[in-house]
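Here is a note for a colleague who has not seen this structure before. The points are numbered and can be read beside the model.

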Amino acid sequence: MAFEGLSERLQKAFAGLRRKGKVTEDDVREAMREIRLALLEADVNFGVVKDFVKDVREKAVGAEVLDSLTPAQQIIKIVNDELTKTMGETAVPLNKSPHIPTVIMMAGLQGAGKTTTVGKLSKYLMDNDHARPLLIAADVYRPAAIEQLKTIGNQLNVPVFDMGTDVDPVEIVRQGMAQAALQKNDYVIIDTAGRLQIDDALMTELDNIKALAHPDEILLVVDSMTGQAATDVAKGFNERLDITGVVLTKLDGDTRGGAALSIRAVTGKPIKFVGQGEKMDALDVFYPDRMANRILGMGDMLTLIDKAQQNYDEKQAQEMAEKIQQNSFDFNDFLDQMDQISNMGPMEDLLKMIPGLANNPAAANIQMSPKDIGHMKAIVYSMTPAERVNPDLLNPSRRRRIAAGSGRPVPEVNRMIKQFNQSKKMMNQMSKGNFGGMEGMFGN
Ligand code: GDP
């Protein structure tokens, strides 16, 4: 997961404070030293670390913090607020033009994930804004870039405008924009050329494309795994191109987090999205406050709720709630729920977002792998329609038949039915406002 290293080191710094009943200025100084080292080790820009530590220290040594009943918690809160501030306070939405098309120009060095992000962004816009984008393939230097974009376009069912590699990119953009006007596309996303490093020829080309296309948004794609270098790249591009935002890719592989923490402070430009995987849906809006919570191991309840909402349709949820209240929740509903949980991503990742579970070893014992879910589904599929609707029918001989049909051992079938009955009972109680007995929730 992203930021593990930083997260662990900060937790250690706080553990030192938490152990003390009374916190002195010396304790704060010691904790700040550790926080400073943790940030530098995470490859956060030096100037950013300096300002960060100074601000936190000033706020933390105040009498109202040190003399309070919970000084350690208050200091954690100060660090949390400062992390949020450093990353830009609130999420900044994409610019949208009042008339069509909204033009988004993508820039970045080779390998940063630019072409992939063009695809992810189209999917994001289609899912969230019913967009009909046109992609323009203007990366004529990287040999496979155009083919890669066309493959992505095909996969997402999005048109890609290209003129091969022998035409000037500015001309490609000109004709692509004309095509978008004809087809009334509401978004145009331009995939520009990358280079191995910033050079003048690249910047001139990007300048020319910018002058022609008047983009509403110039998104710079940078690879978060390159840490400090990503921050420098962002600074370089911004000085020349006056970007409007940053997409930070490969956060899924970034244990340090230096780029996420530095880019906003160094460039003044917001990180708008983060890429967290190679698949087309692995693009998330960047929320500084949630990211800060995650770095501090407080979990990320809001992201969890968002994910749940994306996978839950309101009407279905309402129906489910009614069934639970009437105690008529059956195995068919259980199957639906399993599907929804599977769609939300790996269970371990979801659990990490819950405060208190993020760094709790007990969470490691709560497992529901896709394989487990598959087994549960196999068991339900082996039930007759009547059994699914009326679990009371499930006597021992029926259970043996189900075990044979699903290829799972009888004790496992028994356990699952028991869990189902417990969950059903618990959900029914909860729906009546009784929140006791939640310990049975994970089937223990
Ligand atoms: P470009 O040269 O900037 O156009 O880079 P590409 O879009 O071709 O991406 C380079 C590599 O990074 C590809 O293998 C992508 O699958 C991978 N990649 C892009 N974004 C992410 C991400 O958010 N997470 C991970 N793990 N890989 C990514």
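1. Strand S2 (residues 133-138) and strand S4 (residues 187-192) run parallel and are joined by six bridges. Strands here are DSSP runs (E) of at least two residues, helices are DSSP runs (H or I) of at least four, and both are numbered from the N terminus. Within this pair, Ile136 faces Ile190 of S4. The model is a predicted one, in which local features need pLDDT of at least 70, side-chain atom pairs count only at pLDDT 80 or more, and totals for chains, interfaces and linings use all residues. Residues are numbered from 1 along each chain as its sequence is written.

2. S2 also runs parallel to S3, with two bridges between them. Here Ile136 stands opposite Phe161, and Leu135 has Val160 as its bridge partner. In general, strands of a sheet pair through backbone hydrogen bonds, either parallel or antiparallel.

3. The sheet is open, has eight strands in the order S3-S2-S4-S1-S5-S6-S7-S8, and its pairing is mixed. Two strands count as paired if DSSP finds at least two bridges between them. Strand S3 (160-161) and strand S8 (283-285) are at the edges with a single partner strand each, so one side of each has no neighbour in the sheet.

4. Is S2 enclosed or open to the outside? Six of its six residues are buried, so S2 is largely enclosed by the rest of the structure. A residue is buried if 20 or more other C-beta atoms lie within 10 Å of its own, exposed if 12 or fewer, and partly exposed in between, with C-beta atoms placed from the backbone. Pro133, Leu135 and Ala137 point one way from S2, while Leu134, Ile136 and Ala138 point the other way. In a regular strand the side chains alternate between the two faces of the sheet.

5. The largest nonpolar core has 88 residues, and Leu135, Ile136, Ile190, Val222 and Val246 touch the most other members. Domain 1 (4-86) and domain 2 (102-298) both contribute residues, so this core lies between them. Such a core is a set of buried Ala, Val, Leu, Ile, Met, Phe, Trp, Tyr and Cys residues joined through C-beta atoms within 7 Å; the domain bounds come from an automatic or database domain assignment. Another core, of 10 residues, lies apart from it and includes Phe334 and Phe420.

6. Which residues does Ile190 contact, leaving aside its neighbours within four places in sequence? They are Met105, Met106, Ile136, Ala138, Val173, Ile209 and Ala213. A contact means that two C-beta atoms, placed from the backbone, lie within 7 Å.

7. Ala13 lies in helix H1 (residues 4-18). Ala13 is buried, with 21 other C-beta atoms within 10 Å. Beyond neighbours within four places in sequence, Ala13 is in contact with Ala31, Glu34, Ile35 and Ala38.

8. Overall, the protein has 20 helices and eight strands, and 38% of its 444 residues count as buried. Of the contacts between residues at least 6 apart in sequence, 74% join residues at least 24 apart.

9. On confidence, the mean pLDDT (the predictor's confidence in each residue, from 0 to 100) is 85, and 85% of the residues reach 70 or more. Over residues 435-444 the pLDDT is below 50, and this stretch has 10 contacts in the model beyond near neighbours in sequence.
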